[in-house]
Structure formats: C-alpha cells, structure tokens
Amino acid sequence: MTRTLSVFGATGSVGASTLDLVRRNRDAWEIVALTAHSDAAGLAALAKEFRPHVAVIGDALYAGDLRKALAGEGILVAAGPDALIEAAKMGAEVTMAAIVGCAGLAPTMAAIECGKTVALANKESLVAAGALMMAAARASGATILPVDSEHNAIFQCLAGDISRVAKITLTASGGPFRTRSSDEMRVMTPDQAVAHPNWSMGAKISVDSATMMNKGLELIEAYHLFPVGLDRLDILVHPQSIIHSMVSYVDGSTLAQLGPPDMRVPIASALAWPDRMATPCAPLDLAAIGKLEFEAPDEVRFPATRLCRDAIREGGGRPAQLNAANEIAVAAFLGGKIGFLDIAALVERVMDAHAPIAPQTLHDVFTIDAQSRVQAADLISALVA
Ligand code: NAD
Ligand code: MG
C-alpha cells in the first residue's frame with residue numbers, strides 16, 4: 001500500500017536519511033512535498049528523483065534558481081516561509097519534520113493541525129512551543145512519532161499506564177568534549193565541536209551535543225512528549241551510544257532500546273509505525289562492542305542541562321527564550337565570533353536579563369523568539385566589540 005509523505009528539511013542530515021529509506025522502498029511512498037532552506041541545486045536533484053507534487057525553498061532569494069532547475073519537470077515550485085506552511089497544509093499521511101531550529105515551528109504546527117502523522121525530528125519547535133504543540137495534536141487527533149533517537153527509544157519502551165513509570169533515562173554520548181577540562185574547551189574550534197564521536201549530524205545539533213545543550217533540549221522535548229514530570233526524567237552519559245534511552249517501571253523493570261548509532265533506525269521506526277521495516281543498518285554486534293559504559297553528567301563543565309531544567313521549572317516562555325538564545329549563540333560560535341564556553345554563558349545571560357511572558361499563542365512564541373534573538377545578538381556584539 002502506498003502512503004503519502006512530505007519531508008521538511010529534505011536536504012539536511014535527517015532528510016537525507018529519510019529519503020535514503022524511501023529510495024530503498026520506492027513503491028511504498030508517494031512524495032507530496034520536499035523542502036529546503038537555500039540549497040536550490042540539492043533540492044532540485046531530490047525533486048527530480050522523488051517527483052514530489054511541490055518543491056519549496058524556504059529562502060525566497062533562491063526561488064529563481066529552483067524554478068530554473070525544475071523548469072519543464074511538472075513539479076510545482078514555491079518559495080518563502082508561507083509556502084512552507086501551505087505545503088504542510090497539503091496534509092500528507094506522514095510528515096517528516098526535519099527542519100533545524102525554530103524555523104520549523106510554523107510548518108510543523110500546520111502539519112499537526114492536519115490531524116495526520118508527524119514524525120518529529122525538529123526538537124526546537126517542541127522546545128519553543130511544547131504545550132501549544134501537544135494541545136494542537138490533541139485537538140486535531142494528530143499522532144506525533146518522535147524521531148530523535150532517545151525519544152524514539154522511550155516511545156518504543158513505553159507500555160501500559162504511564163503512571164507506572166518510575167523513571168525515564170535519556171542517554172547522552174557526552175559529545176566530543178566529554179573528557180575535556182573547561183580550560184581545554186575554552187579554545188575548541190567549530191571543526192572540533194562538530195566532530196561527533198558516534199553520530200553524523202547537521203552542524204547545529206553537533207555543537208549542541210558538544211555543549212550538552214542537545215541533552216537539555218531533549219529533556220524539554222521529553223517533558224512534553226512523555227508527561228511523567230521533571231523529577232522522573234534523568235540524564236545518563238553513555239559514551240558508546242548503543243542504548244538510546246530507558247524506561248524504568250515501579251516494579252523494578254527497566255526497558256531499554258538498543259541499536260547502532262544510525263538515525264535510519266529511529267526514522268524507520270517512525271515511518272513504519274506501528275509496523276516495522278527493514279533498514280540497511282548493520283545489526284548490533286555486542287560481542288565486538290564488548291562493554292557499555294555509563295557515568296553521571298557533569299553540570300559544572302556542561303551547565304546547559306541545568307539551564308534547560310531551570311527553563312522547564314519556570315515554564316512559560318523560558319524554553320522558547322533559551323532555544324532562541326542558543327540558536328544565535330551556536331551560529332556565532334560556528335561563525336568564529338565567540339568561544340565555545342560563551343555559548344551556554346550567553347544563554348544564561350539572556351535568561352538572567354529578562355523573564356519572558358507565558359505564551360498563549362504561536363504568535364507569542366514568535367515574539368519571545370525574536371526578542372531573545374535580538375538580546376543574544378546584542379550581547380554578542382558587546383562581547384566582540
Ligand atoms: P541539517 O542542518 O543537516 O538540516 C536542516 C534542514 O533544515 C536542511 O534541509 C535545511 O535546508 C533546512 N533549514 C534550515 N534552516 C531553515 C529555515 N530557516 N527554513 C526552512 N528550512 C530550513 O540538520 P539535521 O541535523 O538534519 O537536524 C534537523 C532536525 O532534526 C534538528 O531539529 C535536529 O535537532 C533534529 N535531529 C537531528 C539528528 C541528526 O542525527 N542529524 C538527530 C536527532 C534530531
Ligand atoms: Mg537525540
């Protein structure tokens with residue numbers, strides 16, 4: 001049976017892994033929309049291969065390039081943030097939400113409002129607007145299937161009444177600087193920060209993994225997806241990235257999901273759910289891996305997870321504010337403007353400077369997001385002046 005699928009962020013790391021699975025099972029999927037931000041050539045190549053109804057380029061500056069590349073192909077071309085929302089409203093049976101950052105929020109919400117299945121990789125949208133997004137899913141009847149490997153693992157391990165869950169443990173690789181001192185981290189370059197030991201991912205999430213902000217954002221993500229309360233959400237460093245997360249029950253049982261550190265495994269789980277599909281990923285060879293290690297997270301060297309816990313406790317607009325400040329700080333670090341340790345420090349300074357309002361609407365979230373971006377950018381200007 002053919003199902004319809006849209007891939008938002010098709011040219012990214014998660015987008016590529018998704019389309020790799022589609023390519024191997026071409027007859028199972030009819031593609032409705034493919035989107036990218038600025039890589040018109042990359043999007044055009046994917047559109048020629050996967051024949052979507054529409055190809056959308058988020059940055060309208062590149063609309064001409066995309067139109068030229070797809071001229072005569074019979075594929076609709078659209079451009080700009082509103083076109084992303086329109087494409088989401090086309091209501092594919094499955095939408096892969098794999099745009100990076102809060103830029104994915106509006107199209108992801110539009111997909112949720114269609115009441116179909118949303119495979120959610122775009123964690124920043126859930127961080128910024130978690131309560132609104134979960135309420136929208138309840139109202140529309142949409143199914144949100146987590147693609148983030150930890151949340152996909154938890155989703156697979158959850159069985160029965162959630163009140164019988166004693167603890168959910170998010171595992172963390174610890175990133176490339178797990179064993180580094182603060183003094184060593186101070187001088188780390190963007191190249192060193194994006195060189196993740198286990199996972200191949202986009203630049204932003206790779207830096208988030210190095211600061212551990214990724215795990216903090218995932219804590220916020222888990223808080224919304226699995227309503228067990230913050231005191232039952234835990235983080236455990238597990239350098240091998242084989243156990244992707246665990247759920248412990250009141251009877252003493254702990255269920256874990258294991259797999260190779262390859263995003264095609266959680267993506268396949270979401271695409272096929274509630275069924276299973278084969279992937280080309282090599283099965284685990286635990287004898288070769290030999291041992292699985294665990295250690296407690298260090299919130300002194302990696303303060304980002306503490307900031308995220310604070311944001312959950314304070315609630316309201318805090319997570320949206322934190323997320324926006326982090327997006328600006330990570331971009332500044334990748335652009336060589338600030339140091340590695342400045343990222344979390346900057347997020348903390350933005351949070352200390354001003355308490356945002358509690359968002360009632362998506363518009364409020366975008367206002368908080370925009371204000372926080374300006375504040376973070378001002379602090380960066382002052383820092384580099
Ligand atoms: P990426 O940088 O490789 O790709 C991002 C995609 O989003 C690209 O297609 C890009 O064109 C598009 N995009 C970027 N900015 C945009 C904008 N302003 N408007 C419209 N489109 C825009 O990122 P990624 O690593 O694939 O991550 C995507 C999302 O999935 C992130 O939220 C990330 O946290 C999450 N995620 C990624 C992984 C991974 O292994 N890469 C794992 C778990 C979760
Ligand atoms: Mg993850």
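**The second largest pocket and its surroundings**

Tutor: In this predicted model, domain 1 (3-146) and domain 2 (152-260 + 287-300) each contribute at least three residues to the lining of the second largest pocket. The volume of this pocket is about 240 Å³. Its lining is made of 14 residues, and those closest to the centre of the pocket are Met134, Ile144, Phe155, Leu225 and Phe226. Sorted by class, twelve of the lining residues are nonpolar, one is polar and one is charged.

As for secondary structure, helix H6 (123-140) and strand E7 (143-146) are elements that each give at least two residues to the lining of this pocket. Strand E7 gives the most, with four residues.

Rolling a probe the size of a water molecule over the atoms shows where empty space is left. One cavity of 30 Å³ or more is counted in the model, and the largest cavity has a volume of about 40 Å³. Around the largest cavity stand Ser149, Asn152, Trp199, His244, Gln257, Gly259, Pro260, Asp262, Val265 and Pro266. Helix H7 (149-157) and helix H12 (264-272) each supply at least two residues of that lining. By class, the lining of the largest cavity holds four nonpolar, five polar and one charged residues.

One is Val237, a residue of strand E9 (residues 233-237). Val237 has a relative accessible area of 4%, so it counts as buried, the cut-off being under 20%. Between the C-alpha atoms of Val237 and Gly175 the separation is 9.4 Å, although the two residues are 62 residues apart along the chain.

The other is helix H16 (residues 342-353), which has twelve residues. From the first C-alpha of H16 to the last is 16 Å, close to the 16 Å expected at 1.5 Å a residue. The buried residues of H16 are Ile343, Ala344, Leu346, Val347, Val350 and Met351. These residues lie on the same side of H16 because they cover an arc of only 160° around the axis. An α-helix has 3.6 residues a turn, so residues three or four places apart point the same way. On the face of H16 turned away from its buried side are the exposed residues Asp352 and Ala353.

Key:
Residues are numbered from 1 along each chain as its sequence is written. Chains are lettered from A and ligands numbered from 1 in the order in which they are written. This is a predicted model: local features need pLDDT of at least 70, side-chain atom pairs count only at pLDDT 80 or more; totals for chains, interfaces and linings use all residues. Side-chain values use heavy atoms; hydrogens and water are left out. On a 1 Å grid over the protein atoms alone, a cavity is a set of points where a 1.4 Å probe fits but cannot get out, and a pocket is an open set with protein on both sides within 12 Å along at least five of seven lines; lining residues have an atom within 4 Å of a point. Grid points are joined across faces, edges and corners, and a volume is the space filled by probe spheres set on the points. Ala, Val, Leu, Ile, Met, Phe, Trp, Tyr, Cys and Pro count as nonpolar, Asp, Glu, Lys and Arg as charged, and the others, Gly among them, as polar. Domain bounds come from an automatic or database domain assignment. The expected span of a helix is 1.5 Å times one less than its number of residues. Buried means under 20% relative accessible area, exposed over 50%, partly exposed in between (1.4 Å probe, protein chains only). The arc is that of the directions from the helix axis to the C-beta atoms.
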